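Open the model in your viewer and keep the selection tool handy. We'll go stop by stop, picking something to select and then looking at what is there.

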Amino acid sequence: MGMVRTSAIVLRYYYLMRGSFSRVVPLFAWVAIDIVLWGFISRYLNTVTSSGLNFVPTLLGAVLLWDFFIRVMQGVTMTFFEDVWSRNFLNFFATPLSIGEYLSGLVVSSTLTSMVGLIVMLVLSSTLFGLSFAVYGLMLVPFLLVLFLFGIALGIMACSMVLRFGPATEWFIWPIPALITPFVGVFYPISTLPHWMQHISKLLPASYVFEGIRMILSGKTFSGVTLLWGGGLALLYIVLAFWIFSRTYRHAVRTGLIARYSAETLS
Amino acid sequence: MNDSNMTTNILSVTNLCKNYGDMVAVDHVTFDIKRNEIVGLLGPNGAGKTTTINMILGVLESDSGTIDIEEWNLKTHRPEALDRANFAAVYAPLPGNLTVTQNLRVFGLIYGVKNLSERIESLLNQFELETHRNTKCGVLSSGEQTRVSLAKAIINRPHLLLLDEPTVSLDPSMAHDIRTRIRQFTTDGEGGVLWTSHNMVEVEEMCDRVLFLSHGKILLEGNPKTLPAEHGKKTLEELFIAVAREPLSLEPHS
């Protein structure tokens, strides 16, 4: 029964996407623009620096992975926002649908939509800028997996925040990726950061991915154990995110916020 | 219907309480609904009707008391209990950005309805929604939206149907039509209905029993046709006004 109920959430999102220009275009438009922009920047940097470093896999590859993470996170939040915008919580949560089934629906919807963005980015970066994924080797798979898990965790936490503090909180959700970008070292090594920022970096799974990319590209050995830390952290955050969402939902049911969500607060 | 069916409770609410801070919204409310019975939950605005319904739907947690839908306790067996219930309320329209059929399919999947396509066709036919099947719910008239909400409310053939002012936005002809369908729902199947309305003529026509709520308590309970006379009032509306204005002058519910 769980799979069927989860599929209802996914089907609802598919119905919304189908034929909705304003929902489909953002799946690939912004990531495509990012790839083109950073592709040209990488190409330009290759011509003006004498370091011998190829910026295409270093910068463009990092941007691709980071955009994938953002698409995953926003895939979860966008599916959730559809219920916020259509004031659908009462309809959904007065059914046998469980929180696990609902969140699984958000995750599956996000997986499908983020895959669209990833495919577009892979095609553009390889055809236009010659980005070869062979340079990352098999590590590309765990890199993507860690970012995927972290994106899911952050997406669910963001949903909890909106559920707890009301629809207007949506505007705090969009800048979250930008806020953590400096800490995860998408464009530079973590060692560039001051110590206090490095401590925060160690708590973010994405940091291990971008450090790993740079080590592989500079020909150094990258320990799988290091990436395991990142993966472990991401899994821990998923469990934590699920727990936070469940607690937030329980609070909303106890206070009556679910039934009167459009009021934003009960005071 | 046979006697054993009639005596089986579809809904049992026992000592239900809900406070919002210092405000008592629902105060030790106890009642039940039997098979094929339509029970009217009446009372002035703010009496606790919607709070009670929200607790039965599991979207609001009670401070104390128990809710059982058939043999399933809502707190300990939420999915099983809610699988047997459904609702329609004017304040909970279906998503306006999905079509009628899409909404019915999504909710049909959530309730695990078997032969869903056939069930949807039957509901579209029953509620005269065939011509609107591919219309987004947000552009339907309020009467049409109510019909879609009711179609969704019975898609899982619920044993307990909660209707919060289902005819409030309908013209008299459509309201009559809807009342007929709800009456049919209780006579043809084995469901019971909890109905809130401010239309006392409608309540008298539809309900087998009414509960008058005031300040979160059940003040009166009985047959809507005989209850006014039992309390020295000519009509149900007169009784309603008395409950709203002078609740202390009426006998408390025992």
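Two strands count as paired if DSSP finds at least two bridges between them. Keep that in mind as we go, and remember that this is a predicted model.

**Stop 1: a parallel pair in chain B**

Select strands E6 (85-89) and E7 (residues 160-164) of chain B. The two run parallel, and five bridges join them. Now pick B:Ala88: across from it, in E7(B), is B:Leu163.

**Stop 2: the whole sheet**

In what order do its six strands come? Reading across, you get E6-E7-E8-E3-E9-E10 of chain B, an open sheet with mixed pairing. E6 and strand E10 (217-222) of chain B are at the edges with a single partner strand each, so one side of each has no neighbour in the sheet. If you ignore direction, neighbouring strands here are turned by 20° against each other on average.

Helix H2 (residues 49-56) of chain B packs on it and touches strands E3 (38-42), E7, E8 (192-196) and E9 (209-214) of chain B. The direction of this helix makes about 150° with that of E7(B). H7(B) packs on the sheet too, touching E3, E7 and E8 of chain B, and its direction makes about 150° with that of E8(B).

**Stop 3: the hairpin**

Stay in chain B and select strands E1 (residues 9-20) and E2 (residues 23-34). These run antiparallel and are joined by eight bridges. Pick B:Leu16 and you'll find its bridge partner, B:Val29, in E2(B). E1(B) and E2(B) make a hairpin with two residues between them. Click on B:Gly21 in the turn: its phi is positive, at about 60°.

**Stop 4: the two domains of chain B**

Colour chain B by its domain assignment: domain 1 is 3-84 + 162-249, and domain 2 is 93-157. How far apart are the C-alpha centres of the two domains? They lie 25 Å apart. Where the domains meet, nine residues of domain 1 of chain B are in contact with seven of domain 2 of chain B. On the domain 1 side, helix H7 (residues 172-188) of chain B gives the most, with three residues. That side of domain 1 is made up of five nonpolar, two polar and two charged residues.

**Stop 5: a helix pair in chain A**

Two packed helices are described by the angle between their axes and the distance between the axes. Select helices H2 (residues 21-48) and H3 (residues 55-85) of chain A: they pack at an angle of about 165°, with axes 8 Å apart. Angles over 145 degrees count as roughly antiparallel, so that is what H2(A) and H3(A) are to each other. H2(A) passes H3(A) in a right-handed crossing. To see the contact, show side chains including A:Ile35, A:Trp38 and A:Leu45 from H2(A), and A:Leu59, A:Val63 and A:Arg71 from H3(A). Sorted by class, this contact has eleven nonpolar, three polar and three charged residues.

**Stop 6: where the chains meet**

Finally, show both chains. 24 residues of chain A are in contact with 23 residues of chain B. On the chain A side, helices H1 (2-17), H4 (89-93) and H11 (224-255) each supply at least two residues. Which helix gives the largest share of that side? H1(A) does, with eight residues. The chain A side as a whole divides into 14 nonpolar, seven polar and three charged residues.

Notes: Residues are numbered from 1 along each chain as its sequence is written. Chains are lettered from A and ligands numbered from 1 in the order in which they are written. This is a predicted model: local features need pLDDT of at least 70, side-chain atom pairs count only at pLDDT 80 or more; totals for chains, interfaces and linings use all residues. Axes are lines fitted to C-alpha atoms, for helices over the stretch in contact, and angles run from 0 to 180 degrees between N-to-C directions. Helices (H or I, at least four residues) and strands (E, at least two) are DSSP runs, numbered from the N terminus. Angles under 35 degrees count as roughly parallel, over 145 as roughly antiparallel, 65 to 115 as roughly perpendicular and the rest as oblique. A crossing is left-handed if the near helix is turned anticlockwise from the far one by less than a right angle, and right-handed if clockwise. Two residues are in contact if their C-beta atoms, placed from the backbone, lie within 7 Å. Ala, Val, Leu, Ile, Met, Phe, Trp, Tyr, Cys and Pro count as nonpolar, Asp, Glu, Lys and Arg as charged, and the others, Gly among them, as polar. Domain bounds come from an automatic or database domain assignment.
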